[in-house]
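Good morning, colleagues. I would like to take you through one structure today, beginning with the contact between its chains and ending with a single residue.

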Amino acid sequence: MEHLFINLCLFLAMAEERRQKQCSVILPTESMKAMAESVGVAQLQEESCVTLSEEVSYRIKEIAQDALKFMHHGKRRKLTTSDIDNALKLKNVEPLYGFQSQEFIPFRFASGGGRELHFYEEKEVDLSDIINTPLPRVPLDVSLKAHWLSIEGVQPAIPENPPPAPKEQQKIESTEPLKVVKPGQDEEGTIQGKGQGATNADGKGKDKGLIRLKPRSTHELSVEQQLYYKEITEACVGSCEAKRAEALQSIATDPGLYQMLPRFSTFISEGVRVNVVQNNLALLIYLMRMVKALMDNPTLYLEKYLHELIPAVVTCIVSKQLCLRPDVDNHWALRDFAARLMAQSCKTFSTTTNNIQSRITKTFTKSWLDDKTQWTTRYGCIAGLAELGADVIKTLILPRLSVEGARIKAVMEGPVVSNIDKIGADHVQSLLLKHCASVIAKIRPQPDNVEQYRIDYGYLGPMLCSHVMKARTQAALQAQQVNRTTLTITQPRPTLTVSQGGLSGSAGPRTPSIIKVPSSLTLMSPRPGTPSQPSPPATKYIVMATSAGAASTQQVITISSSQSPSPVTSTVPSVSSTLQPLVKLEPSGGPGLTSSRPLQKYIVVSLPSSASSSLETKSSVLPASISSTSLDAGMKLERSESPGASTQSPH
Amino acid sequence: MAAVQGSLVESVDKKDIKTEPSEDGGGNNNNANDGKILSPSPAPTTPAEGNSTAAGTSVDQQTLLAVLQFLKKNKLSESVDILRREAGLPEDSLDSKGGDSSGEATGDAGRSADADGADASSLLSRVTVSSSAVAPAPTKAPSEDQPDVNVVLSAYSQQGDPALYEVYYKGLKKFIESVLDCHRAELSQVFYPLFVHMYLELVYNSHENEAKAFFDKFSGDQECYYEDDLRVLSSLTKKEHMRGNETLLDFRTSKFVLRISRDSYQLLKRHLQERQNNQIWNIIQEHLYIDIFDGMPRSKNQIDAMSGSLAGEAKREANKAKVYYGLLKEPEIELPLDDEDEEAENEEGKPKKKKPKKDSMGSKSKKQDPNAPSQTRIPLPELKDSDKLDKIMYMKEATKRIRLGPDNLPSICFYSFLNAYQGLTAVDFTDDSSLIAGGFADSTVRVWSVTPKKLRKVKSAADLNLIDKESDDVLERIMDEKTASESKILYGHSGPVYGISFSPDRNYLLSSSEDGTIRLWSLQTFTCLVGYKGHNYPVWDTQFSPHGYYFVSGGHDRVARLWATDHYQPLRMFSGHLADVTCTRFHPNSNYVATGSSDRTIRLWDVLSGNCVRIFTGHKGPIHALAFSPNGKFLASGATDGRVLLWDIGHGLMVGELKGHTDTIYSLKFSRDGEILASGSMDNTVRLWDAMKAFDDLETDDFTAATGYIHLQDNSQELLLGTYTSKSTTVIHLHFTRRNLLLTAGSYNP
């Protein structure tokens, strides 16, 4: 009974809050009857039921209205059971004890057989279970934390503040650049000038009459953001799996990344470009996981960066060679994973204007149809197509099954050409079987006749038949579980080292103008550093070091009346703490590597020493591998610089 | 007043007689203020205001008798005597008595406990409310008193054909829709009160179905800002319900006030008389107060700006009293620096920059502001040495204060309460921003030090004995180093803590709670010193006077109380609000108290006399935030409707409307020099407004306009200087440090 009461109150109160018209809502008389029966009063007259329900409804509404008062004074948006208790106390009614519920509305709804039922879920709990379960963690005590919401009118982009630009705004920015509003400030024109000071303030009044020009788009990263970027990228491609998981988690969930998105996107595309050349499978996998994490982040407007991301992903699907030992390493998993990513991005981003899906499909089909295509690429194309869904499989893959089957047969049963081809054919075969079986199971009527299959699908027919039958039984069992979200690395760990120094340099020097240090110090201009000298990387961070030094005397924001607020004081203290590892990283990257690293080029430079000898030949392969993967001209990966191979010289 | 009665009542002398008793009779009514300007209605019976209107009508006497009976039953013999005396005595003596008691209060407030006790009790009896009475709902005694209720409700006993109500209402609607545009808006104001009263009449006479039909038919026509009340109304369908429903009783006992121009009023009157529409005419005469003014009819916008409260607009007379809004002269303190009077000169540029010119400063501070109350209008505590030191600190800090303006916005530091699990209900900072206190739903009060200086308790008595009392650093020695910590928890309340306030000298902390008490805590020992019991219902807000010693509280019982820390009973009770008093603020000169209420009005009370001197209407939702400008001239208020309204206290006018917030505004604060108004809201934003501009642009000529209305520009967007969004953190408190850094606080609710 009490449950019902509480629930009614909660319901009514929330309805009130939502300002619904509740004029004529009263409890049904059946409820009255049910309640009466529950307290032993049988045979309640209809008339008394009506009177009762009216009265009860009125009282409940009254209490709900009072409870709302408590909610407002509690500065909450949610009504809690304690509000109702307090409202009852106001009316001099004993509150209902024991109905503190953590969940908002503690009861469940069930319907079936034309009946709708609300019930309170009370599980039977075994006492010994409770005793035996370890005690939960003690909840954290209330604590106080200070941060800058605004510094002289400008909201700093720190994690404590909400993302400066929500997805919608990012979209507006990229699609309607003329209406760009500076992030963190209001949409009002008058405010825009504030940060810039007098010069803009003068023009404030005239603004309205003038044509609005597309403002220069600035991508300023705060020092924290630079550090964050560095940490994240290092962790993502570093050797510590736990760290990587954390970093990916951060990419997938943090709301404030949009300003770093261009960097991440470049990082990934460059990374793929370089690592494909070097056949560094592990790093490619890491980079694809980054792509996945980016796509999982709901606050990012990725559309703007697809031109970089999609070629990278496609490269990982169809590249001729992704690893050093194609016969041993499981590059197939990477292809599968990337294919899934591709399918996911097609689903999310494909529109009638960009036609991503059809362009991708065309690209895959074209290279698949090409007879000279290698098995690896062939596998990628098929995987990519298959991931796009049953329709694509039905229209594009199934008709070619017999042709493909013949090709596989030629490799499998013919003279042994090469082991690699055989493995490739084997994988293509199982891939085809895996994807096609379920589709065929759906579209093809039973019974499954092996001969019929052989006629229809050629060499693969019999195997398909058994797979289809398996699929059918599985479907019947409803036990089809396909884990499509995680990529497990089956490959033995490569003995590669990742140059962290090179990584860290990738963001800053490539586009140095973007980095704005609040204390008006500018970063060093980019210049190709000589690797043997540890100094260039060090100078890069001197700026931070000095500013940190200046601020080091100022403690974290405590009581602020004693200190004048300035950007330096607010942003820098955190720098000083994270600065140390930065500096330490540099030397560690130096000796581990032997290659020269012109700074503007390298995202990920990782040369296993054994591979260095074969580097020249590999690098010449690169353009080909890219062209085979590049999409239509519009989507082509445009590079002003020549690929890394030309400037790379192994030592 | 004359304007009102001229049209309704022809006899002038009658009016004079009536106004006299009303001055004091108001004390008898729960609505001390509303009683003041009494209904000039010529109708023989004015039952609603029974005990407050001129005694002599039989109904009034009945009411009085009923009250007497009630008091007797509850063995409140003293109150009985007083009431009988008051009722029996001629009006003159009543008047003088009232003067006496208030005079007494002035002289003695806070000095002698006895005098105050007597004073308090006389105050109590004057409002026929007794906090010590054990009545089930003491503060609402007059309205819940059974006989009284019947009297009130009997106003509805007139029988008309229920079926005709719709016809009447429709007829009036048709008429108003057909009048000239300029009158239509004004006359439309009649709809809502008329609708409510007709509906209630139907309900009272048990025409349930007709009432429902009537409601369904016409509720849609009402202004959207009455929606909340309509919802309450809609749930009320039976006569029995009316008995306990306070909101509706208030609607009955207080007349709905409308301001209508004379022309429009004549038009309405003529129409109703021509049609012989007595039903409506009766309602208008009995339940409505029509404040008639000469001049142009007001426009729809003007009306909408002012309406929205539970009982219509404020009568113009209600805002005529003189308010001494000026600041008190700062005490002269011997300083190593020069003494200066900063606050008084906020408006005149940058006084603190000219510190060296001591002579000019000195002379200026001596000149008395004509709008300031006399220094001794209410007795204020004398400054202690520590207060003087603090003043010196304050002045030193003030010299380093940042001049704010549209081009120089304050930095905002946000204090987030983490792991509060939605339990944070109130926050306050000390004036010097060294301490922060939070009130929580789990009944605790927590105090943090936000400076490196930790919080320490005073040593135990035994240890204190050992201290060398002559030493210079005795104040340091009495502190127990072992207890030093960054935060302390104060346990004592038994319900959520809704209001919290530091004393200006940082020695005390006040907290008000759902349990009906206000507690005074010592910040030396971190223990509870006093529990002030008086409100029997949740106390929504409390605040210390800027000069310390006094504090004000307001709660669900619709009464705001003024207390002194050394009295366990209130010194003054401010009653008049028709719904919960949701927030209370002291005027910077401590002579006035502003209260905001769920009845959507703001009232300003004179601490000296206990009278309501201003009623501000215009908000469309319960008011949750109030702030006085540092110069004392203006008041800002924020409500659940997400709007900030600005008021000129001296003229009693609304002077600005700031739109932008999308949810309840829980905090408002002016910067130290009054240039910037900051508002914090449940929508997780802090907004900064250009207060200077808002007040500068006033067209002071309009002040004399008969409408009591100033043309409001819709310039919220121009005045908005910045919007800062927090990350799902409701902003519930704002505070400007002495150097004009804005501190905000709220709890993070992921």
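Let me begin where strand 3 of chain A and strand 3 of chain B, residues 412–418, pair in the antiparallel sense over seven bridges. Helices (H or I, at least four residues) and strands (E, at least two) are DSSP runs numbered from the N terminus, and two strands pair if DSSP finds at least two bridges between them. Within this pairing, Lys145(A) stands opposite Ser416(B).

A word on conventions. This is a predicted model, in which local features need pLDDT of at least 70 and side-chain atom pairs count only at pLDDT 80 or more, while totals for chains, interfaces and linings use all residues. Residues are numbered from 1 along each chain as its sequence is written, chains are lettered from A and ligands numbered from 1 in the order in which they are written, and side-chain values use heavy atoms, with hydrogens and water left out.

Now the interface as a whole. Chain A contributes 60 residues to the contact and chain B 75, contact meaning heavy atoms within 4.5 Å. About 6,000 Å² is buried between the two chains, with 53% of that area from carbon and sulfur atoms; buried area is the accessible area (1.4 Å probe) that two parts lose on being put together, summed over both. In chain A, the residues that lose the most area to chain B are His73(A), Lys75(A) and Leu144(A), together 13% of what that side buries.

What salt bridges cross the interface? The rule, a side-chain nitrogen of Lys or Arg within 4 Å of a carboxyl oxygen of Asp or Glu, finds four between chain A and chain B. One salt bridge joins Arg446(B) to Asp141(A), with the closest N and O atoms 3.1 Å apart. On the side of chain A that touches chain B, helix 3 (46–73), helix 4 (81–90) and strand 3 (143–150) each supply at least two residues. Helix 3 of chain A gives the most, with 11 residues.

Finally, I turn to His619(B), in the loop between strand 21 (612–617) and strand 22 (623–628) of chain B. Is His619(B) buried or exposed? His619(B) is buried, because its relative accessible area is 1%, and buried means under 20%, exposed over 50% and partly exposed in between (1.4 Å probe, protein chains only). Beyond its neighbours within four places in sequence, His619(B) is in contact with residues including Ser307(B), Arg600(B), Asp641(B) and Leu645(B). From His619(B) to Asp599(B), 20 residues away in sequence, the C-alpha to C-alpha distance is 9.2 Å.
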